[in-house]
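Thanks for coming. Please have the model open.

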Amino acid sequence: SPIFLVLKKLSTISRLIWKKALKKQLIISMPFKDPSFHSGTLISSLRSKIKICFTSIDVEHDRGEGERKFSVVENLEKILSIFKKHGITATLFVTGQVLERYSETVKEWSKEFEIVCHSFTHRFWNTLSFEERKKELEDYTALYQRIFQTMPRGFRAPSHIIDDEGLKLLEEKGFLYDSSIVPHYPPFKKYRGFKGRAPLLP
């Protein structure tokens with residue numbers, strides 16, 4: 001169909017652009033630390049011609065009802081091995097449940113990638129009370145400190161749902177940056193994220 005041909009052509013063009021950028025060493029990957037950018041967003045710096053790709057992955061349980069499964073954890077190494085091969089760094093936003101069940105695996109990831117907080121249970125923050133949010137963070141940081149002997153630096157709320165109260169709580173708990181605020185949202189989905197003014201600093 002005409003639509004298929006257009007999509008196929010766009011895909012080919014994208015691959016050619018990416019290969020050309022890699023060849024010229026214009027792509028720089030680094031841990032995701034700026035709350036004003038979404039994971040995997042390719043931006044052009046206004047101050048230079050260097051393109052910067054901020055790469056991050058949310059590591060959580062599979063979607064669906066019933067017993068929780070974690071196939072993403074078991075298959076993530078396939079992606080991370082590609083990152084390692086090409087010297088790409090990334091930030092992994094890991095839930096407490098993943099960290100608790102797969103602590104040795106996450107410790108191995110931490111040798112190459114930044115490991116930070118994606119809440120403990122992955123319950124959406126608009127369904128939690130202040131005390132429940134606080135407990136999520138306290139349980140996570142206690143587990144993280146037990147494994148890594150340090151505090152997690154960053155946080156991303158499940159489904160990017162956060163508000164001013166949540167941001168203040170993160171600051172009180174010692175987090176250095178938040179990555180919940182995104183500049184765009186999937187089409188045809190009701191926006192549930194941050195509705196205030198985006199912070200200028202992490």
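Buried here means under 20% relative accessible area, exposed over 50%, and partly exposed in between, with a 1.4 Å probe and protein chains only. This is a predicted model, where local features need pLDDT of at least 70, side-chain atom pairs count only at pLDDT 80 or more, and totals for chains, interfaces and linings use all residues. Residues are numbered from 1 along each chain as its sequence is written, and side-chain values use heavy atoms, with hydrogens and water left out.

Start with Glu 114, which is buried at 10% relative accessibility. Arg 153 forms a salt bridge with Glu 114, the closest N and O atoms being 2.6 Å apart; a salt bridge is a side-chain nitrogen of Lys or Arg within 4 Å of a carboxyl oxygen of Asp or Glu. Arg 153 itself is partly exposed, at 37%.

How many salt bridges does a search of the whole structure find? The search finds ten. Another of them joins Arg 156 to Asp 58, at 2.7 Å from N to O. Arg 156 is buried at 2%, whereas Asp 58 is partly exposed at 26%.

The Glu 60 side chain makes a polar contact with the side chain of His 118 at 3.0 Å, and another with that of His 122 at 3.1 Å. A polar contact is a pair of N or O atoms within 3.5 Å; within protein, one must be able to donate a hydrogen and the other to accept it, and residues adjacent in sequence count only if both atoms are side-chain atoms.
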